[in-house]
Amino acid sequence: MSPTFSSLRVPNYRLYFSGMLVSNTGTWMQRVAQDWLVLQLTHGSGTWLGFVTALQFLPLPLLAPAGGVLADRMSKRRILLATNTSMGVLAAILAVLTLGGVVNVWEVAVLAFGLGLATAADNPARQSFVVEMVGPSDLSNAVALNSASFNGARLLGPAVAGLLIELFGGTGWVFTLNAISYAAPLVALWRMRSDQLRPSERTPRGRGQVREGLRYVLGRPDLVAVLAIAFFTGTFGMNFQITNALMATQEFGKGAGQYGLLGSVLAAGSLAGALIAARRRTTRVRLVIIAAITFGVLEMLVGLMPTYFWYALMLPPVGVASMTTMNACNSTIQLAVEPRMRGRVMSLYLAVFFGGTPIGAPVVGWLAEHYGPRWSLLGGGFVTAAAAMVCALLLARRTGALRRDRPSAPVASPAWVGALDH
């Protein structure tokens with residue numbers, strides 16, 4: 001089997017991958033439809049769009065650390081069964097309200113917040129469950145293939161959503177299909193063979209476990225640098241859910257179909273970036289820094305594009321750079337931590353990466369509404385690139401590790417010496 005797809009030789013991971021591909025497609029369809037519905041209900045308000053997006057991500061910084069403790073204590077498979085069921089129910093409620101013609105923007109906001117609550121429990125378990133399916137040797141490949149699944153769905157989902165919105169004149173059927181799509185991961189999780197899993201040793205109940213995870217991270221400058229880059233990139237750089245909608249409608253005067261197409265074009269680049277990452281067996285903090293700087297510069301360039309065509313043409317390189325950054329952050333952290341701490345550390349990573357959205361989304365939405373969406377792209381790209389450069393300088397000064405460049409080990413050493421070499 002090609003090294004790019006080596007993890008798919010594991011039967012449990014094949015089930016997981018196929019189930020998540022279906023569910024991710026539905027999720028991306030709902031993201032586009034939800035944004036479009038908010039713009040319809042609020043007459044194109046970028047501030048409202050940013051507010052709803054912020055509510056959806058607000059539970060992550062608040063509850064993800066607790067979700068990480070839960071993932072270290074309990075069966076990750078059982079957690080995923082519960083969270084996927086919850087998210088399917090929430091999508092079904094939004095579908096009923098929309099098809100019934102009684103939906104209000106505050107109801108969309110409340111359901112988005114509910115989805116965020118489920119995601120706060122789902123993401124730490126999902127991220128740390130991967131190594132239990134494939135083992136440490138295939139972890140980097142599986143993380144990259146998860147991103148490929150996510151972005152393959154991102155390639156298809158927005159375009160399908162845009163076509164369905166134009167075909168049916170509304171978003172209700174998109175939400176319905178997303179609710180149905182959650183059956184796929186539920187079936188996959190039920191069909192997995194328990195004897196082929198490699199469950200991590202469960203952490204016993206005890207006080208201060210969230211603080212223990214935080215102390216562990218603070219004692220590792222390499223992890224702190226990756227988390228800082230993830231925060232600024234996720235908070236200010238990766239807000240294309242908002243900027244694409246506003247660039248399509250306000251800057252270029254396009255409709256739902258062209259907006260959905262932008263999501264698919266961006267996803268094409270992200271999918272390419274994920275497949276490139278799947279061939280990479282190890283990761284380095286240096287790769288995280290270079291990828292984040294490249295992404296920030298490209299985002300500023302895309303904000304300067306004069307027409308819809310040139311804007312769309314620039315999105316694939318942005319997608320490659322963003323996916324390289326995300327995969328490098330994820331793999332570096334998972335490979336560098338002790339197995340017993342993986343759930344808690346990954347929850348902190350997810351909290352800072354996605355949890356900054358409640359800060360960044362309203363800022364980006366407000367900036368786009370009052371000064372134009374181009375300024376939100378220029379500002380987001382500048383902050384991302386600048387943050388990565390500052391982290392590189394501080395980490396190099398602390399460790400002197402820019403002079404070395406060795407791959408990371410599957411299990412972290414007790415010291416943080418050689419931070420950029422992980």
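The model is predicted, so local features need pLDDT of at least 70 and side-chain atom pairs pLDDT 80 or more, while totals for chains, interfaces and linings use all residues. Residues are numbered from 1 along each chain as its sequence is written, and side-chain values use heavy atoms, without hydrogens and water.

**Helix H7**
- Helix H7 spans residues 172–181, and seven of its 10 residues are buried, so the rest of the structure largely encloses this helix.
- Buried means under 20% relative accessible area, exposed over 50%, and partly exposed in between (1.4 Å probe, protein chains only).
- The buried residues of H7 are Gly-172, Val-174, Phe-175, Thr-176, Asn-178, Ala-179 and Ser-181.
- Helices are DSSP runs (H or I, at least four residues), numbered from the N terminus.

**H11 and H14**
- Helix H11 (residues 240–251) and helix H14 (residues 308–336) have axes that come within 13 Å and cross at roughly 170°; the axes are lines fitted to C-alpha atoms over the stretch in contact, with angles from 0 to 180 degrees between N-to-C directions.
- H11 and H14 are therefore roughly antiparallel to each other (over 145 degrees; under 35 is roughly parallel, 65 to 115 roughly perpendicular, the rest oblique).
- H11 supplies Phe-240, Thr-243, Asn-244 and Met-247 to the contact, and H14 supplies Tyr-311, Leu-315 and Val-318; contact means heavy atoms within 4.5 Å.

**Glu-299**
- Glu-299 lies in helix H13 (residues 285–302) and counts as buried, at 2% relative accessibility.
- Leaving aside residues up to four places away in sequence, Glu-299 touches Phe-236, Gly-237, Phe-240, Val-318, Leu-377, Gly-380 and Gly-381.
- Among these partners, Phe-240 of H11 and Val-318 of H14 also take part in the H11–H14 contact.

**Thr-357**
- Thr-357 lies in helix H16 (residues 357–371) and is buried, with a relative accessible area of 6%.
- Beyond four places in sequence, Thr-357 touches Thr-53, Ala-54, Phe-57, Gly-234, Thr-235, Asn-239 and Pro-362.
- Thr-357 and Gly-50 are 307 residues apart in sequence, but their C-alpha atoms are 9.0 Å apart in space.

**Nonpolar surface patch**
- Leu-62, Leu-63, Phe-113 and Leu-117 form a nonpolar patch on the surface, with about 350 Å² of accessible area together (Shrake-Rupley, 1.4 Å probe, only the protein chains shown counting as cover).
- Helix H3 (59–73) and helix H5 (105–134) are the elements that give two or more residues to the patch.
- Patch residues have over 30% relative accessible area and no salt bridge, with like charges joined within 9 Å and nonpolar side chains (Val, Leu, Ile, Met, Phe, Trp, Tyr) within 5 Å; a salt bridge puts a side-chain nitrogen of Lys or Arg within 4 Å of a carboxyl oxygen of Asp or Glu.
- Phe-113 lies in helix H5 and is partly exposed, with a relative accessible area of 32%.
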